[in-house]
Amino acid sequence: ANQPIGLPPGLPAPSQRLTLELTPTIAVLGTEHCGSDDSGSIEEGFSKLPPPAAKTAPLDSPPGLFADVPITSLMIRNLPNRHTAAQLITELHDLGFEGAYNFLYLPTDWRRGCNVGYAFINFKEAEAAARFAKIFAGHTFKQTNSRKVGAVAQARIQGFEANIEHFIAALQTASDKKEWPIVFRDDVQVPWQQVVEEHTAASKEE
């Protein structure tokens with residue numbers, strides 16, 4: 001059944017200018033398992049290749065533009081590996097972002113039964129994305145007993161529709177609901193299978 005998600009009564013004032021580290025969003029499963037201590041991260045063992053040189057880009061709010069494209073999609077990094085999507089949503093809502101986003105994806109290593117240390121989120125407005133980036137940087141998690149602190153980077157894929165198209169293609173073989181993104185329309189959660197079916201039907205009509 002669809003689950004209503006309430007809108008907050010109002011958004012705080014826009015955050016001032018800040019700088020985000022741009023990071024790659026492609027990962028390979030590591031070897032770490034979910035243990036009692038989340039001070040490490042599966043993300044750390046993703047790739048044996050050296051990472052690209054770090055880049056920085058301003059994230060202004062408002063309007064929050066980079067290369068003439070509104071920054072609404074972010075990569076949430078350094079998540080406790082035992083965090084579930086429900087716990088991450090609770091963290092987001094406790095920080096005042098209930099109703100501010102319409103896409104959330106927490107990749108899961110189903111072989112180990114835990115997330116891979118990062119998530120992707122798309123906000124409805126660039127202003128909310130900038131505010132979240134400032135608030136979540138250095139965030140300590142309340143839903144699990146973890147020593148990790150949150151970090152945020154600009155996602156390579158920007159925008160609601162672009163994320164939908166990308167993950168429909170990327171998750172064609174995913175059968176476990178834990179692997180599916182969470183999508184909201186008018187603050188009501190829409191089942192991922194319904195999103196896929198609607199996108200497929202629209203593509204055939206074009």
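**Helix 1 and its covered side**

I began with helix 1 and looked up its buried residues, which are Leu 88, Ile 89, Glu 91 and Leu 92. Around the axis they cover an arc of only 155°, which places them on the same side of helix 1. I keep in mind throughout that this is a predicted model.

I then turned to the opposite face of helix 1, the one pointing away from the buried side, and found the exposed residues Ala 86 and Asp 94 there. For the buried residues I looked up what lies over them, and the cover includes strand 6, strand 9, helix 2 and strand 11. After the end of helix 1 comes Gly 96, and I noted its positive phi, near 95°.

I checked several of the strand pairings in turn:

- Strand 5 (residues 73–77) pairs with strand 9 (residues 118–123) in the antiparallel sense over 5 bridges, and Ser 73 has Asn 122 of strand 9 as its bridge partner.
- Strand 6 and strand 11 run antiparallel and are joined by 2 bridges, with Leu 104 opposite Ile 182 of strand 11.
- Strand 11 and strand 12 run antiparallel and are joined by 3 bridges, with Val 183 opposite Val 190 of strand 12.

The hairpin of strand 11 and strand 12 has 2 residues between the strands, and I noted that Asp 186 takes a positive phi near 55° in this hairpin.

**Aromatic rings**

How many aromatic pairs does a search of the whole structure find? I count 11 from that search, and I looked at two of them in detail. The ring centres of Tyr 101 and Phe 184 are 5.5 Å apart and the planes stand at 80°, so I record this pair as edge-to-face. The pair links distant parts of the chain, since Tyr 101 belongs to strand 6 and Phe 184 to strand 11, 83 residues apart. Tyr 101 is buried, at 2% relative accessible area, and Phe 184 is buried as well, at 5%.

The other pair I examined is Phe 132 with Phe 136, whose ring centres are 4.9 Å apart and whose planes make 25°, so this one is stacked. Both residues lie in helix 2 (residues 126–136), 4 residues apart, or about one turn of the helix. Phe 132 has a relative accessibility of 0% and counts as buried, and Phe 136 is buried too, with a relative accessible area of 0%.

**Helix 2**

I went back to helix 2 as a whole and found it mostly covered, with 8 of its 11 residues buried. Besides Phe 132 and Phe 136, the buried residues of helix 2 include Arg 131 and several alanines, among them Ala 126, Ala 128 and Ala 133. Gly 138 follows helix 2, and its phi is positive, near 85°.

**Helix 3 against helix 4**

Last, I looked up how helix 3 (residues 160–170) meets helix 4: they pack at an angle of about 100°, and their axes are 11 Å apart. Helix 3 and helix 4 are therefore roughly perpendicular to each other. On the helix 3 side the contact is made by Ile 164, Glu 165, Phe 167 and Ile 168, and on the helix 4 side by Trp 192, Val 195, Val 196 and His 199.

Methods. Residues are numbered from 1 along each chain as its sequence is written. This is a predicted model: local features need pLDDT of at least 70, side-chain atom pairs count only at pLDDT 80 or more; totals for chains, interfaces and linings use all residues. Side-chain values use heavy atoms; hydrogens and water are left out. Two strands pair if DSSP finds at least two bridges between them. Rings of Phe, Tyr and Trp (its six-membered ring) pair if their centres lie within 6.5 Å; planes under 30 degrees apart count as stacked, over 60 as edge-to-face and the rest as tilted. Buried means under 20% relative accessible area, exposed over 50%, partly exposed in between (1.4 Å probe, protein chains only). The arc is that of the directions from the helix axis to the C-beta atoms. Contact means heavy atoms within 4.5 Å. Axes are lines fitted to C-alpha atoms, for helices over the stretch in contact, and angles run from 0 to 180 degrees between N-to-C directions. Angles under 35 degrees count as roughly parallel, over 145 as roughly antiparallel, 65 to 115 as roughly perpendicular and the rest as oblique.
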